[in-house]
Amino acid sequence: MWRLLVKLIFWLRGGSLKLLTIALIILLVWGTLSPVGTLIWWADEGVQLLGLKTNPKVMPISPNTSISKSSQLNCYIVFLPGVGDFSANQLTSGEELFLDSLVAAHPNCIAVSDVFPYSAANESLGGKRVLAPLWNFADRAQGWLAISNVVIKIRNLWRFAISADPRYGPIYNQGIATAIIERMTAQQPIPEKPQIILLGTSGGVQVALGAADYLKRRLEANIVVVSLGGVFAGTNGFKVSDRVYHLHGKFDWVENIGAVVFPSRWRWSVASPFNQARLQNRYTVASSGAHAHDGAEGYFGENLHNKGVTYVDLTLQQVNQLPIWLAKK
């Protein structure tokens, strides 16, 4: 076995073309099979959405629930992170600071940060999965092996693609909407017609827009989507969202990808939901400042930008200025 492995390694070293070919084959197979998990979730849990299952899951109450806040709560800030995340509870210190500061500034809101947007079942990559050892290794690798975490991003990118896919997207996005409602309820009982602020970055924005349709149907909520360097198509969510705000950094080139690869974002696709929202002034684009897409100078970066202001502080200033914050009931 070891002799075979050594031979394989030396063969791979024989040329980058071989390695690239194998990687391409693996990615194609992986991409072809990626909807299977979504279909399995639908077969097991999705029937509950059709009223065919009478024993819905009871989700545990989150430990940071504030009972004293229930009388004034009318707003949920649902945070959906980018494709580099490993699980629903893997927020960076900058992301935690950002959400804590938003809730402190808007006491009628509560943050929901335990939704993993790259699993219809809201299951982290380290859960009961066949490839869990691979994901755990990629997440914990250090030194030169840390480059292996790119497989997590590739895996999550396939889920991002499923969310935007008209064939599998409806099933996947219903799963995410169900997870959002479950975690909202776990934080605090949902009031009538709440405001839901779906706040995401990178691929999380596409998943937020995909879930918006189903959240609107099930909760009759006022839905606002806030994109921080988001990459998204121009179909899902734009019809039902009251407003969509896209904030982008000066040094963030990744967020431009969505406008290039999705025809529904092209200006001449006038009838697309994205362009209709744009023409109706329900879609707003603004600069967030000198942000990169991620890292220490990204939207949640804690490096200093200028005179004691960090990059995450800069993001907070821009988001707090948006006209989306409702007064206390």
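Mentor: Axes here are lines fitted to C-alpha atoms, for helices over the stretch in contact, and angles run from 0 to 180 degrees between N-to-C directions. Helices (H or I, at least four residues) and strands (E, at least two) are DSSP runs, numbered from the N terminus. This is a predicted model, in which local features need pLDDT of at least 70 and side-chain atom pairs count only at pLDDT 80 or more, while totals for chains, interfaces and linings use all residues. Residues are numbered from 1 along each chain as its sequence is written, and side-chain values use heavy atoms, with hydrogens and water left out.

Trainee: At what angle do helix 7 and helix 8 pack?

Mentor: Helix 7 covers residues 169–187 and helix 8 covers residues 204–219, and their axes lie 8 Å apart. The crossing of the two is right-handed, meaning that the near helix is turned clockwise from the far one by less than a right angle. Since 65 to 115 degrees counts as roughly perpendicular, helix 7 is roughly perpendicular to helix 8. The angle is about 65 degrees.

Trainee: How many charged residues does the contact of helix 7 with helix 8 have?

Mentor: Contact means heavy atoms within 4.5 Å, and residues including I176, I180 and M184 in helix 7 meet residues of helix 8, among them Y214, L215 and R218. Ala, Val, Leu, Ile, Met, Phe, Trp, Tyr, Cys and Pro count as nonpolar, Asp, Glu, Lys and Arg as charged, and the others, Gly among them, as polar. By these classes the contact has eleven nonpolar and four polar residues, and the number of charged residues is one.

Trainee: In which loop does K193 lie?

Mentor: K193 has a positive phi of about 45 degrees although it is not a glycine. Its place is in the loop between helix 7 and strand 3 (195–201).

Trainee: Which helix supplies the largest share of the lining of the largest pocket?

Mentor: On a 1 Å grid over the protein atoms alone, a pocket is an open set of points where a 1.4 Å probe fits, with protein on both sides within 12 Å along at least five of seven lines, and lining residues have an atom within 4 Å of a point. The largest pocket has a volume of about 720 Å³, a volume being the space filled by probe spheres set on the points, which are joined across faces, edges and corners. Of its 31 lining residues, the closest to the centre are G82, G84, S202, H293 and D294. Helix 6 (150–164) and helix 9 (257–261) each supply at least two lining residues, and the largest share, three residues, comes from helix 6.

Notes
Angles under 35 degrees count as roughly parallel, over 145 as roughly antiparallel, 65 to 115 as roughly perpendicular and the rest as oblique.
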